[in-house]
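Here is a short report on charged side chains and how they pair. Look at the model, then read on.

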Amino acid sequence: WFVEGREMKLGSGMSLICIFSLYISRFAERLAQLEEAEGAFDYFTLSYRSFGIQRRSDNGLVLREWAPGAEAVFLTGDFNSWEKQSHPFTQKEYGKWELYLSPKVDKSPAIKHLTKLKLVVLTKTGEYLFRISPWAKYVTKTLDAITYDWTHWDPPQPYQVSVYTPPRPSSLRIYEAHVGISSPEEKIASYRNFTRDVLPRIKDLGYNCVQLMAIMEHAYYASFGYQVTNFFAASSRFGTPDDLKHLVDTAHSMGITVLLDMVHSHASSNTEDGLNYFDGTDSCFFHGGSRGNHSLWGSRLFNYSSWEVVRFLLSNLRWWMEEYHFDGFRFDAVTSMLYHHHGIGTSFSGNYSEYFGIHVDEDALVYLMLANHILHKLYPQCITVAEDVSGMPGLCRSIEEGGLGFDYRLTMAVPDKWIQVLKEVRDEDWDLKNIVQTLTNRRRGEASITYAESHDQALVGDKSLAFWLMDKEMYTNMSALTAMTPVIDRGIQLHKLIRLLTHSLGGEGYLNFMGNEFGHPEWLDFPRKGNNESYHYARRQFNLVDIEHLRYRQLYAFDRDMNLTEDKYGWLAAGQAAVTTLNQADKVIVFERSNLLFIFNFHPCNSYIDYRVAVEHAGKYKIKLNSDELQYGGHGRLVQDTEFFTEPMPFNGRAQSFLVKSIASFNHCIVKRFVNYTLFSLTDLGI
């Protein structure tokens with residue numbers, strides 16, 4: 001499918017068709033083994049209902065753990081005054097351990113809600129280790145504590161999750177968000193704060209999907225949630241599991257799809273409150289030795305060939321779908337999973353030998369195929385997104401074709417391109433051909449989520465686009481009560497152009513990191529020793545949008561109307577755009593997509609009169625979105641209700657064309673700023 005029917009050969013002489021047939025065969029073999037041994041993949045992937053603590057109908061408690069390297073396992077906690085050996089588990093087959101606790105005399109469970117617990121693991125060397133169950137649903141930490149505690153979650157009145165979920169969007173507009181930084185205050189914000197204050201903004205902005213980061217519990221806040229310690233526990237620093245369920249329910253009631261940032265690529269190296277050395281060995285959940293350690297991240301790497309590890313990870317996906325009603329996942333660090341080298345010190349040029357060979361971790365690849373197969377079979381509306389920097393072919397093709405089954409991939413080269421252009425190239429020297437090539441360079445038949453910037457660009461050590469554009473003047477010159485300085489003028493116009501060009505030309509979905517839609521100032525830095533544990537940069541200053549005279553409102557308004565225009569005309573769900581004008585000298589880009597005509601003038605000085613543009617369809621065109629409107633921080637130089645009529649004059653490969661009376665630019669040639677964008681729709685087609 002991606003080689004247009006040709007059997008392309010690798011260095012070994014093996015064709016790509018053979019390789020993908022091998023992947024299909026390995027996937028089918030693994031799935032058949034799973035179903036034969038466990039009865040059905042549905043049962044196997046619901047193992048969170050049999051492992052950890054399970055309360056039976058008579059309030060008896062059954063505890064099951066997998067600790068193959070342990071000599072003995074015990075349960076201790078508040079319920080037995082922390083007696084270390086009073087409640088031993090019984091050893092079962094295949095490294096499993098079980099314990100039954102009968103109900104109390106009053107028929108209540110032996111372990112009540114919010115009881116503190118620990119597993120005690122006796123190692124082969126005679127050492128006693130205190131551990132948290134890998135299946136723990138809730139872990140908490142007191143202010144003066146170093147590690148997290150396993151807190152039994154079994155409320156007398158469980159939260160009743162709504163059964164309503166919005167239909168899967170045809171055009172995916174994602175708002176990437178972190179609950180903890182979602183308040184202007186210098187503190188850790190809560191699930192309830194996010195539900196009350198942020199979800200309405202997401203809805204107003206026209207995003208139809210929110211991607212929640214850092215939900216799976218992570219002991220180190222500054223890890224941004226990517227050093228997971230407890231895979232089944234929603235982070236307690238933001239509130240309770242019920243608070244998160246209420247957040248998801250509320251989002252669904254607003255018609256917002258909710259994705260979870262899923263980290264199955266690695267795990268925290270913590271021992272007392274993580275998975276590392278759970279049973280006293282380094283190879284319980286992970287590869288033993290150096291293969292089980294990520295040399296750059298200092299984290300542990302899962303052994304995807306292990307039956308019980310696959311049980312744990314697939315059940316983890318089911319848990320978040322079933323218990324919290326998430327609508328899908330953004331899989332983090334897929335590149336690290338796919339290759340034994342984890343992408344370290346490797347650049348990908350697109351040569352197929354980089355994607356196939358002994359350097360590919362086929363166990364991880366088959367695990368991702370299993371994950372996508374199970375999710376899409378059991379939840380047909382589920383959305384899966386892969387974060388892969390390598391460009392692995394087939395990532396977003398069906399498993400039946402030998403692909404990995406993801407719905408979307410992230411276009412990670414696009415934000416890097418924008419940062420590189422802003423850092424290294426003068427305005428008048430921008431290479432539009434190279435920019436357009438980057439935006440349109442996508443694998444055929446594989447859907448992409450594109451973005452101008454995400455959380456990566458906001459982190460300390462880098463800058464957001466707004467800060468690259470306007471820097472320190474954002475502190476002093478963002479008031480609409482005074483005239484725009486050249487720096488602010490250029491920054492506001494470019495901020496709009498970059499985002500809209502990315503939105504309309506770059507993929508089949510769009511992503512924005514919270515706050516960047518209105519040009520959030522500064523960077524993102526979590527409290528840590530290096531900044532004296534400060535929360536000053538670990539927040540989002542939404543209050544800036546609420547101040548009427550600040551220009552942040554203008555950027556917010558443009559982002560909102562950009563999304564609402566896409567919602568009406570659906571260019572993300574349409575085929576790839578047809579670029580009809582790419583004039584490097586004029587700095588003009590013109591393209592058609594979804595029966596719309598997009599015109600960008602990136603020239604820092606020149607405006608154009610009677611500029612001819614090509615169109616596919618004859619008729620009357622009207623302006624539908626214009627970045628030069630005053631409400632968006634523009635200069636109001638275009639007449640919004642102007643009508644344009646096509647002529648049967650062939651131009652740039654199209655039978656029809658018309659003259660645009662004015663494509664405006666600043667006339668301050670001394671200021672190297674980029675200008676505005678205009679969107680036309682063809683009214684004769686009834687759109």
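Glutamate 308 and arginine 311 both sit in helix α5. They are 3 residues apart, about one turn of the helix. In this predicted model, their side chains meet in a salt bridge, with 2.7 Å from N to O. Both residues are buried. Salt bridges with shared partners join Glu308 and Arg311 with Glu38 and Lys96 in one network.

Side chains of opposite charge can pair when their charged atoms come close.

Glutamate 308 has another partner. Its side chain also forms a salt bridge with lysine 96, at 3.0 Å from N to O. This pair links distant parts of the chain. Lysine 96 belongs to strand β5, residues 96-101. Glutamate 308 belongs to helix α5, residues 307-324. Lysine 96 and glutamate 308 are both buried.

What about arginine 56 and aspartate 58: which contact do they form? They form a salt bridge, and their closest N and O atoms are 3.7 Å apart. Arginine 56 counts as partly exposed because its relative accessibility is 41%, a value between the 20% and 50% cut-offs. Aspartate 58 also counts as partly exposed, because its relative accessibility is 38%.

| Salt bridge | N to O distance |
|---|---|
| Glutamate 308 and arginine 311 | 2.7 Å |
| Lysine 96 and glutamate 308 | 3.0 Å |
| Arginine 56 and aspartate 58 | 3.7 Å |

These pairs are among a longer list. How many salt bridges does the structure hold? The total is 42.

Notes. Residues numbered from 1 in each chain as written. Predicted model: local features only at pLDDT ≥ 70, side-chain atom pairs only at ≥ 80, totals over all residues. Heavy atoms only, no water. Salt bridge = Lys/Arg side-chain N within 4 Å of Asp/Glu carboxyl O. Buried < 20%, exposed > 50% of the residue type's maximum accessible area, 1.4 Å probe, protein only. Helix = DSSP H or I, 4+ residues; strand = E, 2+ residues; numbered from the N terminus.
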